[in-house]
Amino acid sequence: MAEVMRPEKLDMSNETSSLGSPELLHVLAVDDSIVDRKFIERLLRVSSCKVTVVDSPTRALQYLGLDGNHSSVGFKDLKINMIMTDYSMPGMTGYELMKKIKESAAFREIPVVIMSSENILPRIDRCLEEGAEDFLLKPVKLADVKRLRDSLMKADERACKNIMHKRELQANDIYSQLKRVNI
Amino acid sequence: MLGLGVDRLQADINRLLTSLFHQGVLDEQFLQLQQLQDDTSPTFVYDVINIYFDESEKLLRSLRLLLMDREFSDYKKIGLHLNQLVGSSSSIGARRVRNVCVAFRSASELNNRPGCLRGLEVVEHEYHYLKNMMHELFQLEQQRLLAAGVRYPM
C-alpha cells in the first residue's frame, strides 16, 4: 500500500503573485498634457513600475478593450495593476473614465487613482465614493507614487497569503480524507 | 587634476538656482524634477523643460491670436488653454508663470477683455524670463560637464 506522505509546507517560491514578475507593477496612465505624461511616466519608472501612457480616455478604453470594438478575447492576458488618470480631460473626465472601468467585469477590481490640479472637495468626495483608490493633487510627487505602490504591494501580499493559507487547508483536508480511507 | 572650472561652474549653478527659488520663479517641484534625473535618464530635466517650452509657446501663440481678433468672444477657450498652462507650469515647478496664468484665468472668467490682454502680456513676460533663465542654467550645466571631462596632463 502506498505511503501517504504528509504534505510539506507549501513552497511558494515559484508561485508568481498576481503581480506577474516579481515587484513589477504595470500602471496605465492617462493624461492629455504632454508635460504631465512625461513626468508621470518617469515617476512610475523610477518607482520600478512598468508604464503604459495614453493621451486620452478614448485611447485608454481602446487599450483596455472596453471601447466596444473588441471582444474580451485577447485582453484576458492584459495585466494592469493600477490605472492613474487625470481628472480634467477633453471629451470625458477621469471620473467618467473610472465609472466605465468599474462597469467592466475584467477591470472593475483594478485600483483607479485620479489626479487633479484643482483642490475641489465635492469632486474629491464624488471620486472616492465612486470607488477611486486615491485622489492625488497635482503636481504629483514621488512620495505619492511610492505610497501607492507600497499599499498595492501590501494588498497583493495579503491576497497571496490568503491563497497560500487556503491551499494549505485544502491540502491538509485531502490528506486527512486519504488517511481515513487507508485505515 | 580636474580643472577648478568645475567648482566655479557648480557654484554659479547653485547661485542661479538659489536666486530663482528666492525670486519665486521656481518652487520645490523643480527639485522633484531634478530628483528624477539619474544615469538611466541623464537629460530628464532638460527634456521635460523643452517639452514644456514647446507646449507653452503653442498655447501662448494661440492665446494671442484669439485675443487679437476683434470679433473675439471665446473666453471658454482661453480658460481651457490657461488650465493647460497652469497645470504644466506647476508640474515643472514654474511657480511665477503658474501664478500669473491663474490671475489671467480670473480675468477670462469675468469676460474682461482688457484684463485678458494685460494678463497675457504679464504671462508672456514671465514665461520669457523663465526661458532665459533655464537656457542659462542649461548652458552652465553643459559647461560644467565639459569641464569635468577635462584632464590636465601630469
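Me: Which residues does D36(A) touch, not counting residues up to four places away in sequence?

Reply: D36(A) touches D31(A) and K138(A), and also G87(B) and S91(B); contact means heavy atoms within 4.5 Å. This is a predicted model, in which local features need pLDDT of at least 70, side-chain atom pairs count only at pLDDT 80 or more, and totals for chains, interfaces and linings use all residues; side-chain values use heavy atoms, with hydrogens and water left out. Residues are numbered from 1 along each chain as its sequence is written, while chains are lettered from A and ligands numbered from 1 in the order in which they are written.

Me: What makes D36(A) and K138(A) a salt bridge?

Reply: The term requires a side-chain nitrogen of Lys or Arg within 4 Å of a carboxyl oxygen of Asp or Glu. In this pair the closest N and O atoms are 2.7 Å apart, and D36(A) therefore forms a salt bridge with K138(A). The pair links distant parts of the chain, 102 residues apart: helix α1 holds D36(A), and the loop between β5 (134–137) and α5 (142–182) holds K138(A). K138(A) counts as buried, at 13% relative accessibility. D31(A), D36(A), D86(A) and K138(A) are linked in a network of salt bridges.

Me: Why does the side chain of D36(A) also make a polar contact with the side chain of K138(A)?

Reply: A polar contact is a pair of N or O atoms within 3.5 Å; within protein, one must be able to donate a hydrogen and the other to accept it, and residues adjacent in sequence count only if both atoms are side-chain atoms. The two side chains meet at 2.7 Å, so the pair makes a polar contact.

Me: Which parts of chain A does the pair of R147(A) and D134(A) tie together?

Reply: R147(A) forms a salt bridge with D134(A), with the closest N and O atoms 2.9 Å apart. R147(A) lies in helix α5 and D134(A) in strand β5 of chain A, so the pair ties together parts that are 13 residues apart in sequence. R147(A) is partly exposed, at a relative accessible area of 44%, whereas D134(A) is buried, at 17%.

Me: How many salt bridges are counted between chain A and chain B?

Reply: The count between the two chains is one salt bridge. R42(A) forms a salt bridge with D38(B), and the closest N and O atoms are 3.0 Å apart.

Me: What area do chain A and chain B bury between them?

Reply: Buried area is the accessible area (1.4 Å probe) that two parts lose on being put together, summed over both. Chain A and chain B bury about 1,600 Å² between them, 64% of it on carbon and sulfur atoms. In chain A, V35(A), K38(A) and R42(A) lose the most area to chain B, together 40% of what that side buries. The contact takes 15 residues from chain A and 20 residues from chain B.

Notes: Helices (H or I, at least four residues) and strands (E, at least two) are DSSP runs, numbered from the N terminus. Buried means under 20% relative accessible area, exposed over 50%, partly exposed in between (1.4 Å probe, protein chains only).
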